[in-house]
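Dear colleague,

Please find the structure below, handed over for your own work.

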Amino acid sequence: MHSNQLGRQPSIPTHSPRKHFSFTISTSTCPESPKSYILKKCIALLLSCASSKFKFRQIHAFSIRHGVPLTNPDMGKYLIFTLLSFCSPMSYAHQIFSQIQNPNIFTWNTMIRGYAESENPMPALELYRQMHVSCIEPDTHTYPFLLKAIAKLMDVREGEKVHSIAIRNGFESLVFVQNTLVHMYAACGHAESAHKLFELMAERNLVTWNSVINGYALNGRPNEALTLFREMGLRGVEPDGFTMVSLLSACAELGALALGRRAHVYMVKVGLDWNLHAGNALLDLYAKCGSIRQAHKVFDEMEEKSVVSWTSLIVGLAVNGFGKEALELFKELERKGLMPSEITFVGVLYACSHCGMVDEGFDYFKRMKEEYGIVPKIEHYGCMVDLLGRAGLVKQAHEFIQNMPMQPNAVVWRTLLGACTIHGHLALGEVARAQLLQLEPKHSGDYVLLSNLYASEQRWSDVHKVRRTMLREGVKKTPGHSLVELRNCLHEFVMGDRSHPQTEEIYVKLAEITKLLKLEGYVPHISNVLADIEEEEKETALSYHSEKIAIAFMLINTAAGIPIRVVKNLRVCADCHLAIKLISKVFDREIVVRDRSRFHHFKDGHCSCKDYW
């Protein structure tokens with residue numbers, strides 16, 4: 001007899017989570033059918049007692065033993081919903097789903113959501129197609145989940161199809177559908193489409209603003225991200241942690257340190273500075289703006305640190321020229337028993353490269369594979385080529401490339417070409433250039449490096465030949481520009497710029513700078529003029545390169561002793577590098593220049609790159 005046990009709750013032992021439940025259910029006094037009653041009890045157990053994967057499996061097994069059909073749509077719905085709350089592999093959920101007879105729209109949506117949030121979102125699209133074949137009409141929840149999967153896959157064409165279907169079915173006007181559409185377009189690199197949709201929205205919430213701001217920040221459009229952030233404030237929308245991370249990313253991209261500092265103050269004021277993601281974004285901001293001391297301070301004050309935090313500072317120290325400090329920090333990470341990531345090792349190898357520590361670099365490369373089980377990627381091999389190239393071991397660098405277990409990409413060959421230019425290895429430089437012509441024939445920077453190499457060997461006919469080839473092949477040179485920040489405004493200058501309201505003062509200052517530098521022994525670096533000028537689109541006026549104009553502007557508008565920070569989109573030319581070293585000495589200023597590949601910290605006539613960049 002089981003009548004005295006009717007409705008008894010399952011017995012869950014507290015001393016051992018691995019022991020089985022004891023389930024007993026009586027149906028002798030139950031007014032409804034036994035199967036219906038058992039089904040309801042199993043669902044109730046799932047909702048109240050399935051607090052772990054192990055307990056979930058016990059309840060699932062119990063339901064099968066007591067005759068609940070595997071095809072039952074109600075049981076299947078709750079099984080899948082509960083299982084996905086544990087972030088379990090989708091294979092288990094899919095097995096349950098495949099046996100359900102006529103699953104309802106809630107179950108379809110739950111499965112699509114599960115795949116959208118998994119590492120492999122592709123089956124979400126396949127399920128959506130199955131829905132269509134099975135004549136199941138999508139509802140308001142289908143599209144947000146589906147679009148999230150498409151955003152992860154970055155398949156904008158599929159996203160456009162779903163967008164069209166959402167319009168046809170009348171769901172496009174719903175704010176949560178619109179939000180995921182904005183996110184999808186932004187994630188797929190179509191920031192303009194995301195913003196266009198944003199502009200058409202009658203109702204916007206914080207998620208909407210975050211999606212479009214983050215879209216611009218991720219797609220290399222930091223100015224637009226900052227403009228939208230300001231507009232958001234004017235509309236009275238309070239930012240949250242997600243907003244601040246996007247804002248800090250935009251500031252880091254532009255080198256807008258003052259605005260980033262204001263964001264930092266705001267975060268402290270509203271209590272967002274404790275957030276791990278926001279803290280990591282702050283750390284990244286200061287490192288990318290060349291304010292490495294402030295980055296270290298943020299790191300030291302973080303209550304919680306992830307491997308991302310450690311990696312951000314290690315990489316930040318390395319690219320700012322503080323290689324030894326980066327390696328010391330990595331040793332501290334190891335002492336704390338943390339597991340470095342593949343990106344951490346990029347920072348470590350980069351640090352070894354910039355410190356000239358060849359043997360140590362190869363030791364870390366070996367340990368990465370043998371101790372940490374990290375399979376080297378192309379970025380790690382690129383660091384090793386750079387390590388050998390910087391040390392003047394150009395032939396060994398070429399041999400290393402030839403022995404790589406993967407095909408070297410353009411970056412690896414470009415690294416070798418750069419090393420050949422610095423150390424004067426013409427034959428290997430031409431080998432590297434031949435490879436680059438096959439991989440990226442239209443990359444203007446490669447022509448500049450080769451032209452520099454010919455110029456250093458006084459082979460002027462070859463310099464002109466390179467330039468004629470560029471014209472014949474229609475290779476477009478990226479226009480050089482430099483950004484500086486003054487009183488929360490960004491000022492952009494190009495080579496020979498005369499568009500600024502202070503143009504007259506700037507050029508007077510430039511003349512003064514040139515005069516003072518010549519008294520210090522400055523001689524314009526004209527040996528590579530024809531090559532380096534390619535980065536500025538002109539062949540004359542070395543004095544009017546964009547970074548020199550930017551520095552002159554800041555010398556006029558800032559007090560003595562205030563550091564100057566410049567962000568340059570191209571490699572700093574040899575003449576500007578020499579001139580800025582002397583400017584830092586003559587005007588007693590610390591000048592930080594972030595160019596296309598690294599930071600240059602100029603102080604007292606010296607540069608942190610030790611004249612290798």
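Asp 604 lies in the loop between β5 (599-603) and β6 (606-607); helices (H or I, at least four residues) and strands (E, at least two) are DSSP runs, numbered from the N terminus. Although Asp 604 is not a glycine, its phi is positive, at about 55 degrees. With a relative accessible area of 44%, Asp 604 is partly exposed; buried means under 20% relative accessible area, exposed over 50%, and partly exposed in between (1.4 Å probe, protein chains only).

Before the other findings, a note on the basis of the values. This is a predicted model, in which local features need pLDDT of at least 70 and side-chain atom pairs count only at pLDDT 80 or more, while totals for chains, interfaces and linings use all residues. Residues are numbered from 1 along each chain as its sequence is written, and side-chain values use heavy atoms, with hydrogens and water left out.

A second residue with a positive phi is Asn 102, where the angle is near 55 degrees in a residue other than glycine. Asn 102 belongs to the loop between α4 and α5 (105-116), and its relative accessibility of 65% makes it count as exposed.

As to the whole protein, it contains 30 helices and six strands. The C-alpha trace spans about 105 × 55 × 50 Å along its principal axes. Of the 613 residues, 52% are buried. The protein exposes about 29600 Å², of which carbon and sulfur atoms supply 54%; these areas come from the Shrake-Rupley method with a 1.4 Å probe, and for residues only the protein chains shown count as cover. Taking contacts (heavy atoms within 4.5 Å) between residues at least 6 apart in sequence, 64% join residues at least 24 apart.

Two helix pairs were examined. The axes of α3 (residues 73-84) and α4 (residues 90-99) come within 10 Å and cross at roughly 175 degrees; axes are lines fitted to C-alpha atoms, for helices over the stretch in contact, and angles run from 0 to 180 degrees between N-to-C directions. The two helices α3 and α4 are therefore roughly antiparallel (angles under 35 degrees count as roughly parallel, over 145 as roughly antiparallel, 65 to 115 as roughly perpendicular and the rest as oblique). In this contact, Gly 76, Leu 79, Ile 80, Leu 83 and Leu 84 of α3 meet Met 90, Tyr 92, Ala 93, Ile 96 and Phe 97 of α4. By class, there are nine nonpolar residues, one polar and no charged (Ala, Val, Leu, Ile, Met, Phe, Trp, Tyr, Cys and Pro count as nonpolar, Asp, Glu, Lys and Arg as charged, and the others, Gly among them, as polar).

For α15 (residues 276-288) and α17 (residues 307-319), the axes come within 9 Å and cross at roughly 0 degrees, which makes α15 roughly parallel to α17. Leu 276, Asn 280, Leu 283 and Ala 287 in α15 meet Val 308, Ser 309, Ser 312, Leu 313 and Gly 316 in α17. By class, the contact of α15 with α17 has five nonpolar, four polar and no charged residues.

Finally, strand β1 (residues 481-486) is mostly covered, with five of its six residues buried. Six bridges pair β1 with β2 (residues 489-494) in the antiparallel sense, where two strands pair if DSSP finds at least two bridges between them. β1 and β2 form a hairpin with two residues between them, and Arg 487 in the turn has a positive phi of about 50 degrees. β1 also runs antiparallel to β3 (residues 564-568), joined by two bridges. Leu 483 has Glu 492 as its bridge partner in β2 and stands opposite Val 567 in β3.

With kind regards
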